[in-house]
Amino acid sequence: MLSSLTRAMLSSSSPPPSSHLLLTHSSHCLKTPNLSHRQCKQQKRWTHGSQRASRVVAYYGLKEPPYKLDALEPYMSRRTLEVHWGGHHRNYLEGLNKQLEKSDILYGYTFDELVKATYNNGNPLPEFNNAAQVWNHDFFWESMQPGGGDMPKLGVLEQIEKDFGSYTSFREKFIEAALTLFGSGWVWLVLKREERQLKIVRTSNAICPLVWDDIPIICLDMWEHAYYLDYKNERGKYVDTFMNHLVSWNAAMVRMARAEAFVNLGEPNIPVA
Amino acid sequence: MALRALAARKSLAGSGFQRILGARGLQTFSLPDLPYDYGALEPAISAEIMQLHHQKHHQAYITNYNKALEQLDAAIAKGDASAVVKLQSAIKFNGGGHVNHSIFWNNLSPVKEGGGEPPHSSLGWAIDQSFGSFDALITKMNAEGAGLQGSGWVWLALDKELKKVVVETTANQDPLVTKGASLVPLLGIDVWEHAYYLQYKNVRPDYLKNIWKVINWKYASQVYEKESA
């Protein structure tokens, strides 16, 4: 690492290396300690065209919702899907790719890890907004389905009843959380690892409960762009419609099943004799 | 609508909040009338947006602000400190929403009443001083407005201490003073999605480009002259 730094310093036209400069560069490169083995930005500056061809960066593709854009009519119009997915979601993704193009420090992460890494423990890097919003929206489309709503079943229902008393109580709390959110944000049903409980969590702007190591089960986009074309200012109607007709408890079941590999939710039922 | 045009020609300069005294002397607030028709700002801002923005969103802030004030009053009377503190975010949000939108309606005016005409005299000079040119200011405010993540406002403000005009942004409904006690709002542009979504969808930069055609620089100049005296 040090030799490549020195090489970079010598071949660039910057002033002769002093201990001050060296410190600045290394502190810049070691921003995230576990990445000290990766190439630091300084080295890129003196790479020529041939070097550029061998540089590897990560790009992400726009994931489609698991249903056609008009499949959620009349509860969420095709127009909303077109603008929300095709406009907002796509812009976040293209923004993210443009940012990743300039930085190969963030290469090699899975998407979940990318969100946590760019969150940088509360001091988000500029890529966080785009990365987290892409993640959030992917999760949101998959949290809905045509013919959704109704009630959760089996394990999910059991856990909801255990942690909220009843489905009705959970539903009330979820709706209240959505309606009392100030500004742009999201409402989540998450499984908390430590407490081993389901909880309702609200986040602002782009924040995603992944950054606190929670396991999201369901989410609802409360940014105005999510409902304005269909419901204008009537947030209450939007949230009710989501609960009654859109939310995918099937997706919740799949996510819960996966979560149980990481969180021990109950004692195993060992039959006696 | 014609009645509104005739009757509601009241000036909203300064503090134009209409106050109604409540049962226990608590001052509550009500929706100020717009000094122009809902359709007067077309095509920069559609009539549909103006009506929803004024009658639904601003009204909701006022309703919730009044509710929060009543609860605050009760909590203060009971000496319930934790309830008082808990209400602060609702007051900041809804009260801020009311304050900000009241300023916003004054910041807009129809083209035939001078909307969009650049400022002259002292404010124009101050802008040239701080930003180089009027166009540079527009570019800066558009950039800040477009770059604002989530919901918020972008402001042209007078910093009374530094005696210059500055561009600031605030998140959600935070009033400008949260960014500095010496800041006085001259112009605020609402970049919450409800302010433009029906017309411009997700293309916030287009909204920002077009809103300058209906910005009321006369009002901004008046405030500037008064506050920098």
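How far apart do the end C-alpha atoms of residues 121-222 of chain B lie, and what percentage of the span is helix and what percentage strand? The points below begin with this span and then turn to other parts of the model, which is a predicted one.

1. The end C-alpha atoms of residues 121-222 of chain B are 11 Å apart, and the span is 42% helix and 24% strand. An unreviewed UniProt entry gives these residues the feature "domain: Manganese/iron superoxide dismutase C-terminal".

2. Three strands of chain B form an open sheet in the order 4-3-5, with antiparallel pairing. Strand 4 (164-171) and strand 5 (183-190) of chain B are the edge strands, each pairing on one side only. On average, and with direction ignored, neighbouring strands of this sheet are turned by 25 degrees against each other. Helix 5 (residues 121-131) of chain B lies across strand 3, strand 4 and strand 5 of chain B, and this helix runs at about 75 degrees to strand 4 of chain B.

3. The pairing of strands 3 and 4. In chain B, strand 3 (residues 152-159) is joined to strand 4 by 8 bridges, and the two strands run antiparallel. Within this pairing, Ala157(B) stands opposite Val166(B) in strand 4 of chain B, while Asp159(B) has Lys164(B), in strand 4 of chain B, as its bridge partner. The hairpin of these two strands has 4 residues between the strands, and there Lys163(B) takes a positive phi near 55 degrees.

4. The largest pocket. Which residues lie nearest the centre of the largest pocket? They are Leu179(A), Thr180(A), Phe182(A), Asn64(B) and Asn94(B), out of a lining of 31 residues. The space in this pocket is about 970 Å³. The elements that give two or more residues to the lining are helix 9 (167-179) of chain A and, from chain B, helix 2 (47-78), helix 3 (81-86) and helix 4 (88-107). Helix 2 of chain B provides the largest share, 9 residues. By residue class, the lining of the largest pocket comprises 15 nonpolar, 9 polar and 7 charged residues.

5. Cis peptide bonds. In chain A, a cis peptide bond joins Glu73(A) and Pro74(A), with omega about -10 degrees. Pro74(A) is placed in the loop between helix 4 (49-53) and helix 5 (78-102) of chain A. In chain B, Glu42(B) and Pro43(B) are joined by a cis peptide bond, with omega about -10 degrees. Pro43(B) sits in the loop between strand 2 (27-30) and helix 2 of chain B.

6. A positive phi in chain A. Asn120(A), a residue other than glycine, has a positive phi near 50 degrees. The loop that holds Asn120(A) runs between helix 6 (111-119) and helix 7 (127-142) of chain A.

Note on methods
Residues numbered from 1 in each chain as written. Chains lettered and ligands numbered in written order. Predicted model: local features only at pLDDT ≥ 70, side-chain atom pairs only at ≥ 80, totals over all residues. Heavy atoms only, no water. Pairing = 2+ DSSP bridges. Axes fitted to C-alpha atoms, helices over the stretch in contact; angles between N-to-C directions. Contact = heavy atoms within 4.5 Å. 1 Å grid on protein atoms, 1.4 Å probe; cavity = no way out; pocket = protein on both sides within 12 Å on 5 of 7 lines; lining within 4 Å. Points joined across faces, edges and corners; volume = space filled by probe spheres on them. Nonpolar A, V, L, I, M, F, W, Y, C, P; charged D, E, K, R; others polar. UniProt positions renumbered as here; feature names shortened; annotations may be inferred.
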